[in-house]
Amino acid sequence: QLLLVESGGGLVQPGGSLRLSCAAASRHAWNDYVLAWFRQAPGKEREGVSCISRTGHIANYENSVKARFTISRDNGKNTLSLQLNRLKPEDTGVYYCAATRNVLACRGDGVPEDEYHYWGQGTQVTVSS
């Protein structure tokens, strides 16, 4: 059982920045997991935002955030982060961190939601003036 806890969400103006964090609330081998961020906007299905390999050497991004967001992990601190820059109103939604032991879950196109088995409860990001 891997329990994930997110923090860092909030209200920010368009063009602003936010940094989200995710950490394991129990003892696990953090570097055994491929990690990812997903988001769900009001009235829309959940979509993959970004994923990162176990070592951090591979990172993938959804096209609309590729030039603005940066995913990172610290396997020494057992944390995952997402830096959100130049935020737009359409970035508004609930952001979830997720984990999987599937080492292939961040090696192809996109972020395959069905491959991620452990989920945080989500943190709200609202971009509005």
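Colleague: Quick one to start: is Arg86 buried, partly exposed or exposed?
Modeller: Arg86 counts as partly exposed, at 48% relative accessibility. Keep in mind that this is a predicted model.

Colleague: Where does Arg86 lie?
Modeller: Arg86 sits in the loop between β8 and β9 (93-100). Its phi is positive, about 50 degrees, although Arg86 is not a glycine.

Colleague: And Asn78, what is phi there?
Modeller: Phi of Asn78 is near 60 degrees, again a positive value in a residue other than glycine. You'll find Asn78 in the loop between β7 (69-74) and β8 (79-84). Asn78 is partly exposed too, with a relative accessible area of 23%.

Colleague: Nice. Zooming out, how many helices and strands are there?
Modeller: Zero helices and eleven strands. The radius of gyration is 14 Å, close to the 14 Å that the globule rule gives for 129 residues, so the protein is as compact as a globular protein of that length.

Colleague: What box do the C-alpha atoms fill?
Modeller: Roughly 40 × 30 × 25 Å, taken along the principal axes.

Colleague: What share of the residues is buried?
Modeller: Buried residues make up 41% of the 129. As for the surface, the protein exposes about 6800 Å², with carbon and sulfur atoms supplying 45% of that area.

Colleague: Switching to contacts, what share joins residues at least 24 apart?
Modeller: That's 60%, counted among contacts between residues at least 6 apart in sequence.

Colleague: Last one, charges: how many positive and negative side chains?
Modeller: There are 14 positive and 12 negative side chains, and the centres of the two sets lie 7 Å apart.

Definitions and conventions: Residues are numbered from 1 along each chain as its sequence is written. This is a predicted model: local features need pLDDT of at least 70, side-chain atom pairs count only at pLDDT 80 or more; totals for chains, interfaces and linings use all residues. Side-chain values use heavy atoms; hydrogens and water are left out. Helices (H or I, at least four residues) and strands (E, at least two) are DSSP runs, numbered from the N terminus. The radius of gyration is taken over C-alpha atoms; the globule rule is 2.2 Å times the number of residues to the power 0.38. Buried means under 20% relative accessible area, exposed over 50%, partly exposed in between (1.4 Å probe, protein chains only). Contact means heavy atoms within 4.5 Å. Accessible areas come from the Shrake-Rupley method with a 1.4 Å probe; for residues, only the protein chains shown count as cover. Lys and Arg count as positive and Asp and Glu as negative; His and the chain ends are not counted. The place of a charge is taken as NZ of Lys, CZ of Arg, CG of Asp or CD of Glu.
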